[in-house]
Amino acid sequence: MARPASGTLTDSERAILDVLWDKGEASVREVADVLSQHKPVAYTTVLTMFGVLSKKGLVTHRTEGRAFIYRPAITREDARAQALQQLLRQFFGGSPDVLAQHLVSEHDIDAARLAALRTKLDAAKSRRKP
């Protein structure tokens, strides 16, 4: 039995989208060639992954001769926002505050970086107020 499609991007899907975000659009062959520079990947594997990405609505394509030319249907920023929302829901009860507290408590952040973060938080807060 096939496993259900994940609502989040897998590492392989993100790698393909990274190529598309950098290039704007590309064929399966072009993406496979770029990905193969880091580790061997089969053309058919990339082709299958494009089918998954297409079903998820994350890529679109046009036909050029016999080849499909793919382009991202989501921006890198939107993908990051979706991944962050998923992370917040799964591990932090949907709370950005809990995530921020976790990051501060689990990672060594020096006083200067904390002060810079406080400045950014205050600026973001003031932009939200009417």
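**A walk through the model**

Guide: Gladly! In this predicted model, the largest pocket holds about 610 Å³ of space. Its lining has 17 residues, and P96, D97, A100, L117 and L121 are the closest to its centre.

Visitor: Which elements give two or more residues to the lining of the largest pocket?

Guide: They are α4 (76-91), α5 (96-106) and α6 (111-128). The most comes from α6, which gives eight residues. By class, the lining has 11 nonpolar residues, one polar and five charged.

Visitor: Let us turn to the helices. How do you describe the way α2 and α3 cross?

Guide: Two packed helices are described by the angle between their axes and the distance between those axes. For helix α2 (residues 28-36) and helix α3 (residues 43-55), the axes come within 9 Å and cross at roughly 120 degrees. The crossing is right-handed.

Visitor: What makes the contact between α2 and α3?

Guide: On the α2 side there are V28, R29, V31, A32 and L35, and on the α3 side Y43, V46, L47 and F50. Sorted by class, this contact has eight nonpolar residues, no polar ones and one charged.

Visitor: Why is the pair of F50 and Y70 called stacked?

Guide: Rings count as a pair if their centres lie within 6.5 Å, and a pair is stacked if the planes are under 30 degrees apart. The centres of the F50 and Y70 rings are 4.0 Å apart and their planes are at 20 degrees, so this pair is stacked. In total, the structure holds two aromatic pairs.

Visitor: Where in the chain do F50 and Y70 sit?

Guide: F50 is in helix α3, while Y70 is in strand β3 (residues 67-72). They are 20 residues apart, and the pair links distant parts of the chain.

Key:
Residues are numbered from 1 along each chain as its sequence is written. This is a predicted model: local features need pLDDT of at least 70, side-chain atom pairs count only at pLDDT 80 or more; totals for chains, interfaces and linings use all residues. Side-chain values use heavy atoms; hydrogens and water are left out. On a 1 Å grid over the protein atoms alone, a cavity is a set of points where a 1.4 Å probe fits but cannot get out, and a pocket is an open set with protein on both sides within 12 Å along at least five of seven lines; lining residues have an atom within 4 Å of a point. Grid points are joined across faces, edges and corners, and a volume is the space filled by probe spheres set on the points. Helices (H or I, at least four residues) and strands (E, at least two) are DSSP runs, numbered from the N terminus. Ala, Val, Leu, Ile, Met, Phe, Trp, Tyr, Cys and Pro count as nonpolar, Asp, Glu, Lys and Arg as charged, and the others, Gly among them, as polar. Axes are lines fitted to C-alpha atoms, for helices over the stretch in contact, and angles run from 0 to 180 degrees between N-to-C directions. A crossing is left-handed if the near helix is turned anticlockwise from the far one by less than a right angle, and right-handed if clockwise. Contact means heavy atoms within 4.5 Å. Rings of Phe, Tyr and Trp (its six-membered ring) pair if their centres lie within 6.5 Å; planes under 30 degrees apart count as stacked, over 60 as edge-to-face and the rest as tilted.
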